[in-house]
Amino acid sequence: MALVQAGPRLASMLRRLRTGVLVGFPSEIGFVRFIWLTKLRKLPLRSYEHPDENTQEMEYSASWLTHYRPENRTQWTMYLLASIPDCRKDSLLIIGPRYEPEIFMARGLGWTPDGVRGLDTFSYSPFVDVGDMHELPYADSSFSAIICGWTLSYSTRPEVAAKEMERILSPGGYLVVSMQKIPEDFDEEVLPGVLRGSERIQTLEQLDRLYPGLERVAGFEPQLQRGQDGNTVAAYRKGGDPS
């Protein structure tokens with residue numbers, strides 16, 4: 001009897017341990033896999049063959065992948081999405097993941113492993129499809145949740161990317177989007193060609209105009225002082241009942 005009772009208890013402990021590792025150490029897991037896939041197995045860096053000219057700094061995105069340097073701010077979008085009570089966890093698309101930490105964090109937070117995909121213009125990961133957010137390679141209503149972190153500001157036609165995200169989001173699904181907000185006098189963005197100041201998508205008002213068919217259910221936009229930057233984060237819901 002004791003062994004029978006220990007079985008479910010042990011399984012529960014192992015599930016909690018797995019969750020703790022995936023949520024607590026996604027960057028460390030990503031680093032090990034980065035070394036394994038790129039340095040040891042020497043998998044080639046895949047790239048999208050026909051990148052949309054509306055996405056700026058393609059070469060910068062490729063060169064970034066020569067080293068492993070994830071950013072903790074990606075967790076903000078994931079935690080916001082996971083905090084929504086009725087968000088389904090059967091499918092999730094992460095746009096612009098670059099590395100894999102968000103994917104492992106999503107699995108730890110309860111998303112179905114086979115239902116989590118990433119999409120970027122460059123990737124070494126088997127969990128990340130190569131493509132462009134202006135022409136997403138997925139059917140209508142393919143995902144019940146989408147995360148788009150720190151990519152819209154690098155588009156000269158964000159309305160096209162926004163329509164694509166809305167297209168592949170299923171009824172009742174959620175989109176969490178975020179980007180850096182910078183003042184007009186901000187001079188730390190040194191990448192040539194990157195849209196600056198009021199030219200780039202960076203406010204809740206701009207986001208609301210991009211997604212007129214979605215309902216904003218959460219949002220944060222920092223009030224900046226001279227020379228400072230911050231991050232705008234918002235969550236939207238698509239109307240209709242889940243299928």
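This is a predicted model: local features need pLDDT of at least 70, side-chain atom pairs count only at pLDDT 80 or more; totals for chains, interfaces and linings use all residues.
**View 1. Helix 5, residues 101–108, is largely enclosed by the rest of the structure.** The buried set is Pro101, Glu102, Ile103, Phe104, Met105, Ala106, Arg107 and Gly108. Charged residues are thus named in it too: Glu102 and Arg107. Just after the helix, Gly110 adopts a positive phi of about 110°.

**View 2. The largest nonpolar core contains 26 residues.** Ile146, Leu152, Met165, Val177, Leu207 and Tyr211 have the most contacts inside this core. Two or more residues come from each of strand 2 (92–95), strand 6 (143–149), helix 6 (158–168), strand 7 (169–181), helix 7 (204–210) and strand 9 (230–238). A second, separate core has 23 residues, including Cys87, Leu92, Ile94 and Trp111.

**View 3. Val177 and its contacts beyond four places in sequence.**

**View 4. Lys238, in strand 9, is buried without a salt bridge.** The nearest side chain of opposite charge belongs to Glu166, 5.8 Å away. A salt bridge needs the charged atoms within 4 Å. The backbone of Glu166 does reach Lys238: its oxygen lies 2.8 Å from a polar atom of the Lys238 side chain. Beyond four places in sequence, Lys238 is in contact with Glu166, Arg167, Leu169, Ser170, Pro171, Gly172, Gly173 and Leu214.

Conventions
Residues are numbered from 1 along each chain as its sequence is written. Side-chain values use heavy atoms; hydrogens and water are left out. Buried means under 20% relative accessible area, exposed over 50%, partly exposed in between (1.4 Å probe, protein chains only). Helices (H or I, at least four residues) and strands (E, at least two) are DSSP runs, numbered from the N terminus. A nonpolar core is a set of buried Ala, Val, Leu, Ile, Met, Phe, Trp, Tyr and Cys residues joined through side-chain atoms within 4.5 Å. Contact means heavy atoms within 4.5 Å. A polar contact is a pair of N or O atoms within 3.5 Å; within protein, one must be able to donate a hydrogen and the other to accept it, and residues adjacent in sequence count only if both atoms are side-chain atoms.
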